[in-house]
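Please read the points below with the sequence and the structure at hand.

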Amino acid sequence: MSSFGEFVARAAASGELVVQPRMGIGDPAGMRAGLAAVRAAGVRAVGTITLDSYTRVGDHGAVRAALAAGDALNGYPIVAYPPSTTRDVLRGLAGDGFPVQVRHGSARPQDIVVALLDAGLHATEGGPLSYCLPYSRVPVAEAVRAWAESCLLLAGLRDRGGRPHLESFGGCMMGQLCPPGLLVAISVLEGLFFRQHGLDSVSLSYAQQTHPGQDAEAVLALRALAAEHLSDVDWHVVLYTYMGVFPRTRRGASALLEQAAELAVRTGAERLIVKTTAEAHRIPTVEENVAALRTASRAAARAPRGGPAGTAALDDSGVLAEARAIVEAVLDLAPDLGVALVRAVERGYLDVPYCLHPDNAGRTRAVVDRTGRLRWSRTGSLPLTGVVETGVTAEITSTELLRSLSHVERTFDDLALDRVGAHPIGSG
């Protein structure tokens with residue numbers, strides 16, 4: 001079986017954006033049907049098995065109890081099912097032309113990694129910071145150890161002729177209101193952590209934020225730093241459709257997804273995680289996921305191609321300088337990157353705004369400014385002296401925070417409702 005990274009590279013070489021849903025279904029038959037629908041969507045897609053919240057936190061007893069009671073789960077419990085069950089889900093679907101990635105959200109994913117490898121899968125995602133700070137109360141030092149072990153488990157597949165792939169979730173911290181420079185830096189640092197622990201096929205993430213120009217600058221900064229630091233491994237960039245408060249209108253939601261696809265093409269990102277028109281209301285159906293894949297693929301096909309050469313045409317608001325300063329400061333803390341990451345969190349060099357994890361310093365804040373760009377309002381101990389001028393000293397009020405949180409939702413819904421015939425979902 002060829003690697004996940006090789007599949008994406010082939011698509012990029014042919015000028016196609018790979019699109020991917022975030023889809024997990026607890027019932028094996030339903031999960032198989034969902035993967036089959038994605039494969040049959042008529043677009044260049046990869047499949048996703050997203051795990052349930054009990055498996056994410058390692059509460060496998062709760063999974064077994066839910067399955068015994070016939071309760072619905074909000075994802076696929078890969079650890080609870082025997083490997084043969086998951087192999088049956090994948091049989092005849094997963095392969096060189098349709099790789100499948102496991103997505104989970106766990107700070108301690110060793111059991112998950114063992115289960116996906118036993119089922120014949122070889123691609124997953126997360127990271128020692130990105131799946132610890134937003135989603136758990138696990139100490140960062142413990143998450144670093146757990147992810148080091150998980151990387152080594154994945155890397156062991158290379159001894160059997162496989163090429164595992166690991167995606168950093170670092171560009172998606174908290175979903176929103178984390179300035180791009182920090183998102184880029186964490187994604188690069190996690191990619192370096194993966195390489196240190198034996199992986200040579202990785203992807204680096206960035207989540208669409210509040211301003212298309214700033215987002216383009218950020219993705220190109222991510223590509224630039226990856227080229228500098230990860231030139232000896234196979235890597236690509238995965239862009240996430242906006243992870244914050246989503247538009248409530250169909251047209252607004254579709255327009256935001258289309259903008260994400262256009263951003264991916266413009267900046268040379270090779271893969272896009274889609275979101276659906278139902279995102280603001282409920283868990284999307286398989287059909288809604290497939291529709292989103294087709295919408296994104298059509299938008300990508302229409303978009304003018306750009307790539308790293310487009311850097312000169314963009315305004316430079318300092319994203320690359322911020323990200324480079326953070327990466328270099330963290331790397332200077334220790335030769336071992338795991339040790340450096342723990343020290344960076346302790347010293348506030350990596351301090352995620354509005355993150356309530358006990359280890360996070362909590363001294364940074366950010367706001368959407370009047371131009372729609374996401375800016376630092378307080379930088380805490382981030383190593384950005386001489387790089388960033390916040391221009392804001394007052395505390396962000398609750399009103400200002402809510403305005404920033406809803407900026408994207410309001411922008412796209414207002415545009416949609418200005419058009420004749422636009423209706424909120426469920427309004428006919």
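1. The structure is a predicted model. Each value in the points that follow should be read with that in mind.

2. Helices H8 and H12. Helix H8 covers residues 180-196 and helix H12 covers residues 319-331; their axes come within 8 Å and cross at roughly 40°. The crossing of H8 with H12 is right-handed. On the H8 side the contact involves Pro180, Gly181, Leu182, Val184, Ala185, Val188, Leu189 and Leu192. On the H12 side it involves Val319, Glu322, Ala323, Ile326, Val327, Val330 and Leu331. By class, these contact residues comprise 13 nonpolar, 1 polar and 1 charged.

3. Helices H10 and H11. The axes of H10 and helix H11, the latter spanning residues 286-302, come within 8 Å, and the crossing angle is roughly 45°. This pair, too, is described as oblique, and H10 crosses H11 in a right-handed sense. H10 contributes Leu257, Glu258, Ala261, Glu262 and Val265 to the contact, while H11 contributes Ala292, Thr295, Ala296, Ala299, Ala300 and Arg302. The residues of this contact fall into 7 nonpolar, 1 polar and 3 charged.

4. Helices H9 and H10. H10 (residues 250-267) also packs with helix H9 (residues 212-229), at an angle of about 40° and with the axes 10 Å apart. That angle makes H9 oblique to H10, and the crossing is right-handed. From H9 the contact draws on Pro212, Asp215, Ala216, Val219, Leu220 and Arg223; from H10 it draws on Gln259, Leu263, Arg266 and Thr267. Here the division is 5 nonpolar, 2 polar and 3 charged.

5. Aromatic rings. How many aromatic pairs does the structure hold? The count is 7. One of them joins Phe193 and Phe194, with ring centres 6.4 Å apart and planes at 70° to each other, an edge-to-face arrangement. Phe193 is buried, because its relative accessibility is 0%. Phe194 likewise has 0% relative accessibility and counts as buried. Elsewhere, ring pairs connect Tyr131, Tyr135, Trp147, Phe169 and Tyr240 into a cluster.

6. Which residues of helix H6 (residues 110-118) are buried? They are Gln110, Ile112, Val113, Ala115, Leu116 and Leu117. Just after H6, Gly120 adopts a positive phi of about 90°.

7. Thr124. Is Thr124 buried or exposed? With a relative accessible area of 0%, Thr124 is buried. Thr124 belongs to strand S4. Leaving aside residues up to four places away in sequence, Thr124 touches Gln101, Val102, His104, Leu116, Leu154, His165, Leu166 and Glu167. Leu154 lies 30 residues from Thr124 along the chain, and their C-alpha atoms are separated by 9.3 Å. Leu116 is itself among the buried residues of H6.

8. Positive phi at Met174. Met174 has a phi near 65°, a positive value in a residue other than glycine. Met174 sits in the loop between strand S5 (165-168) and H8. With a relative accessible area of 32%, Met174 is partly exposed.

9. Positive phi at Tyr354. Where is Tyr354 found? Tyr354 occupies the loop between helix H13 (337-347) and strand S9 (364-368). Although not a glycine, Tyr354 has a positive phi of about 65°. Its relative accessible area is 22%, which means that Tyr354 counts as partly exposed; the buried class requires under 20%.

Technical notes
Residues numbered from 1 in each chain as written. Predicted model: local features only at pLDDT ≥ 70, side-chain atom pairs only at ≥ 80, totals over all residues. Heavy atoms only, no water. Axes fitted to C-alpha atoms, helices over the stretch in contact; angles between N-to-C directions. Helix = DSSP H or I, 4+ residues; strand = E, 2+ residues; numbered from the N terminus. Parallel < 35°, antiparallel > 145°, perpendicular 65-115°, else oblique. Left-handed = near helix turned anticlockwise from the far one by under 90°. Contact = heavy atoms within 4.5 Å. Nonpolar A, V, L, I, M, F, W, Y, C, P; charged D, E, K, R; others polar. Phe/Tyr/Trp six-rings, centres within 6.5 Å; stacked < 30°, edge-to-face > 60°. Buried < 20%, exposed > 50% of the residue type's maximum accessible area, 1.4 Å probe, protein only.
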